[in-house]
Structure formats: structure tokens, C-alpha cells
Amino acid sequence: MSLFVNEYPSLESYWRSVILFGQNVASYKFALAKALLEVSPNANTFIPLDELSEPFSRHILEHLKMNDKQITSKSSKFVDACRNFNAGTISKDELISTTVKYGYSNVLDAFHVVNREEIPVKFFEKASNGKQKGICLTDNIFHLMNSVQNPNLPHEVEARWNLVETAWKLGMKSSLIAIHYDESNNLFYTQEDKFKRTDVTSARNALNGYQKGKCFYCFRDITVEPSSDELADVDHFFPHSLNREIHVNLDGVWNLVLACKSCNRGESGKFARIPAIHLLERLHKRNNFFIESHHPLRETLMLQTGTAEKERYSFLLHVDKAAINALIHRWKPSLELAPAF
């Protein structure tokens, strides 16, 4: 996480470090993050817990309908209340009161903690207004919401949430979970056996945070908004046409990057050429961001390329040597903006 943030620090990088690198023992952090992103820039700085509890619990309710495993502990009064509300056995008022009483026990204190230390910026502070407990929003959350990256952030939170809960749902050791890529549907999925496949999340949404919302090659801002004309392409760093020449999984997470349309298929785009060596080193750095994160993309990448950093770099060099021998030409973008990672 330190390299992800400290080399090119930004408000968005700190936010993404919370989502991508924070510890996960429950999904509350993701629900709180999505609730914070819904706050209007014109909202009151102080938000009472009963007001925050509507969007906070709503996101848990939605995920419980898809995946009942939202916490690693054996029981939770808050999650039980959410289940009961979905089942129609308690009222909305009962759900909100239970959320206020039990839903925030740890998440407010733990939200800004990454690798056992608090990040140096805060998006909110715990606060009270008379007898009302709540949170006090900082200017950082409003700056974040006015950022060009803001439309990407809810997608990234959702993708991370999907990946984490998939590992919990399968109840498998993280080292045994493999994430596969379905190019035709832009999806990451797990294959429990030859008959049972589980779609996990959009590949774009899962990859974007680790690239800080930038084109992998030129560092232009990209988007994962499906309706946008600037929707990023999922690109194979080593072209798919090498499948006959190189006997490795080119659809692996390690080889997938997000690129702007100009770099991927514009007039001077990459197409079936091999990226320059400095871009190979960038790929190794991006892949190490996955390793610093938690399952299952982390475990999948290590299964595909090696458990040790030296081993993973040697793997990339080996593939690069075979690739350039086959396709001859190297490529780099005509213009690279200031690096973001």
C-alpha cells in the first residue's frame, strides 16, 4: 500500500488504499464507502447515524440478496436484522434502530486504517450533536466527489466487495481460489467444477482502482461508466495473437490492463505490438499492487506468475523475450502524461 499511495499521493489514492488494501473481516466498510459517496456535496457536514443508516443498511440488504456471507464471524445482530428485514419480519424503523445500535461498532474507527495504521487524511470524523451520535464529513469527501475520478469510485467499491464476498462464500482457502477472465462478457469468474461457474465482477471495475483510474499506457483519465463514450478498453498487455507462440495464460489477471481507446486501437495504437520495456516494468509494479491487496486476485496472480517478486519479474521477462521474438516490433504511446503509479 505504501508505494501505491506514497510515490504519487492524491486524495483518490488514499481513498482507494482504504478500499483495496484495508483489512476485511466484514463488508461494512464497503457499505459505508458507498453510503459516503451518495452524500450530496450540499449536505450538512454533520450526519446523524440514523440518517446515515438508511444508505448504509440498504447496501448490505442488496448484497445479502446475492450473497448471504457478509461477515467472517459466526453471528452479527446487525446482519441478522438485515436478513430479517429482507424476509419481511421486521419494520424499516426496527432495521434503522438496530443499525444505529450495532452496525457501527467497529467500522467508523477502522475505516481509515490500512496496514494497522491510519492514513494521513480523513473523509469523516466521529462526532455528536447534543445527544445525537453521527459523523462529521471533512472537506476531503467533498473534494473527492468533485474529482474527475468520482464516477469510477462506486464501481470500484462494488467490484472489491464482490471479490471479497466470493472468497467468503466459497469457504475455500484463498490459495485455492482462481479467478478467470471471460473476454466476451468482460467478467471475472470462478470455476468450482466443469459444470458450475460463478460470475464475480466486471473486469473493468476490478482493475481500475489499481491503475488509479488512469490509462495504463499514457496516464489519461479513463472511466468504467458503461454508458460513457470514453469507456476504457480491457487490453491484453501481451497481445492475444501470441496464443500460438507462448504457452501461458494470456487471459490471466497478470496480463490484463485498462487502456484508453487511443492507446489500444487509435491511429497510433498498440494493436499487436509489444509494449516498451519501461511499460513491462510498470506492469510488474501494477501486479505487485494486487499482491499487496488481499484475496482472491492476489492469490490468482501468484498462481499464474509466481509467489516471490523475483520469480514474477523473471516470468514477465521470459514472456517478453518470447513475445518480441514472435512479433518483432515494440510500441509506446506517442504521449505520456505525468505518471500516477
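Trainee: F237 and F238, buried or exposed?
Mentor: In this predicted model, F237 and F238 are both buried.

Trainee: How do the two rings sit relative to each other?
Mentor: The planes of F237 and F238 are at 80 degrees and the ring centres 5.0 Å apart, so the pair is edge-to-face.

Trainee: How many aromatic pairs are there in the whole structure?
Mentor: A search finds 23. One of them is F216 with F237, edge-to-face, with 5.9 Å between centres and 85 degrees between the planes.

Trainee: Where do F216 and F237 come from in the chain?
Mentor: F216 is in the loop between α10 (203-208) and β9 (233-236), while F237 is in the loop between β9 and β10 (256-259). The two are 21 residues apart, and the pair links distant parts of the chain.

Trainee: Why does F216 count as buried?
Mentor: Because its relative accessibility is 0%, and buried means under 20%.

Trainee: Which charged residue lies over the face of F216?
Mentor: R282, at 6.0 Å from the ring centre. Likewise, K212 lies over the face of F4, at 4.8 Å from the ring centre.

Trainee: Switching to strands. What is the order in the open sheet with β1?
Mentor: The order is β1-β5-β4, three strands with antiparallel pairing. From one strand to the next, the twist averages 35 degrees.

Trainee: And which helix packs on the sheet?
Mentor: Helix α4 (residues 49-66), which touches β1 and β5. Its direction makes about 75 degrees with that of β1.

Trainee: How many bridges join β1 to β5?
Mentor: Three. P48, for instance, has G134 in β5 as its bridge partner.

Conventions
Residues are numbered from 1 along each chain as its sequence is written. This is a predicted model: local features need pLDDT of at least 70, side-chain atom pairs count only at pLDDT 80 or more; totals for chains, interfaces and linings use all residues. Side-chain values use heavy atoms; hydrogens and water are left out. Two strands pair if DSSP finds at least two bridges between them. Helices (H or I, at least four residues) and strands (E, at least two) are DSSP runs, numbered from the N terminus. Axes are lines fitted to C-alpha atoms, for helices over the stretch in contact, and angles run from 0 to 180 degrees between N-to-C directions. Contact means heavy atoms within 4.5 Å. Rings of Phe, Tyr and Trp (its six-membered ring) pair if their centres lie within 6.5 Å; planes under 30 degrees apart count as stacked, over 60 as edge-to-face and the rest as tilted. Buried means under 20% relative accessible area, exposed over 50%, partly exposed in between (1.4 Å probe, protein chains only). A charge sits over a ring if NZ of Lys or CZ of Arg is within 6 Å of the ring centre and within 35 degrees of the ring normal.
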